[in-house]
Amino acid sequence: MIIQVINPNTSQGMTETIASAARAVAANSTEIVAVCPSQGVPSIEGHFDEAIAAVGVLEQIKLGREQGVSGHVIACFGDPGLLAARELAQGPVVGIAEAAMHMASLVATRFSIVTTLPRTLIIARHLLQQYGFEHHCAALHAIDLPVLALEDGSGVAQEKVRARCIQAKREDGSGAIVLGCGGMAALARELTAELGLPVIDGVGAAVKMVESLVALGLSTSKHGDLDYPIRKNMTGAFQHLN
């Protein structure tokens, strides 16, 4: 089984962090291919960034499909381009926000989310509504640092994530915590042990979901709205997606 893990931003450091988290949970028989776009935004922190990143995601989905990968993970907590990616893909495509919320609902009746910038809390709320988990989420917290602070080597962002998780356990009455950024992936196991409750990384959750879907012989439905895109002659910068 080959799973393509797509970091939708252009940060090579974050791509490596995400790849390590994916390989840490993947089965021995699963190969993880971690990729990121060559063009786009270095971090994704709003609707504008997501719109740009979605094109890069679709480029990687197309390449992965041509290479015969078994399934795909979109490793950004905004799940940019998820439904469009499912149209383009043959195998299953899972977003890390979607996966983490599903996993949290299986191990707790209520969960909290800890993410990066306050503006992204609104995007997380939209996803909670879209995925049907609005009533499962007790609270959302932001560390008020940009995404790339998780890659600067200072450890400040990681310590803020830890402090927010402790606060969430103390104040929210949640049984689990979801880490709301792919760059936080490496923190999940350590925080789970320290806090004594499930702290869920969406990268690992998405990898295991894709593995399960592939093992069950389930692929993205091509009956209805997720059928392959209608063939059109795209021009200019989008011509390579034809």
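**Notebook: core, pockets, cysteines**

I started at Val-5. Leaving aside residues up to four places away in sequence, I found that Val-5 touches Ile-18, Ala-22, Ile-32, Val-33, Ala-34, Val-35, Val-73, Ala-75 and Val-207. I note here that the model is predicted.

**Core**

Next I looked up the core that Val-5 belongs to. Val-5 is part of the largest nonpolar core, which has 71 residues. I listed the residues with the most contacts inside this core. They are Val-5, Met-101, Phe-111, Ile-113, Val-161 and Leu-179.

**Largest pocket**

I turned to the pockets. The largest one holds about 450 Å³ of space. I count 15 lining residues, and Leu-88, Pro-229, Arg-231, Met-234 and Leu-241 are the closest to the centre. Two elements give two or more residues to this lining: helix H2 (47-66) and helix H3 (82-88). H2 has the largest share, with four residues. I then sorted the lining of the largest pocket by class. Eight residues are nonpolar, six are charged and one is polar.

**Second largest pocket**

The second largest pocket comes to about 240 Å³. I find 15 residues in the lining of this pocket too. Closest to its centre are Val-25, Ala-185, Ala-188, Arg-189 and Asp-201. I checked which elements supply at least two lining residues each. They are helix H1 (12-25), helix H7 (188-195), strand S8 (199-201) and helix H8 (202-215). The largest share, five residues, comes from H1. By class I get nine nonpolar, three polar and three charged residues in the lining of the second largest pocket.

**Cysteines**

My last check was on disulfides. A disulfide is a covalent bond between the sulfur atoms of two cysteines. The cut-off for the pair of sulfur atoms is within 2.5 Å. By that rule I count zero disulfides.

Cys-165 is in no disulfide either. The nearest cysteine sulfur to Cys-165 is that of Cys-181, 12 Å away.

I also looked up burial, where under 20% relative accessible area counts as buried. Are Cys-137 and Cys-165 buried or exposed? Cys-137 has 11% relative accessibility, so I log Cys-137 as buried. Cys-165 has 0%, so Cys-165 goes down as buried as well.

Key
Residues are numbered from 1 along each chain as its sequence is written. This is a predicted model: local features need pLDDT of at least 70, side-chain atom pairs count only at pLDDT 80 or more; totals for chains, interfaces and linings use all residues. Side-chain values use heavy atoms; hydrogens and water are left out. A nonpolar core is a set of buried Ala, Val, Leu, Ile, Met, Phe, Trp, Tyr and Cys residues joined through side-chain atoms within 4.5 Å. Buried means under 20% relative accessible area, exposed over 50%, partly exposed in between (1.4 Å probe, protein chains only). Contact means heavy atoms within 4.5 Å. On a 1 Å grid over the protein atoms alone, a cavity is a set of points where a 1.4 Å probe fits but cannot get out, and a pocket is an open set with protein on both sides within 12 Å along at least five of seven lines; lining residues have an atom within 4 Å of a point. Grid points are joined across faces, edges and corners, and a volume is the space filled by probe spheres set on the points. Ala, Val, Leu, Ile, Met, Phe, Trp, Tyr, Cys and Pro count as nonpolar, Asp, Glu, Lys and Arg as charged, and the others, Gly among them, as polar.
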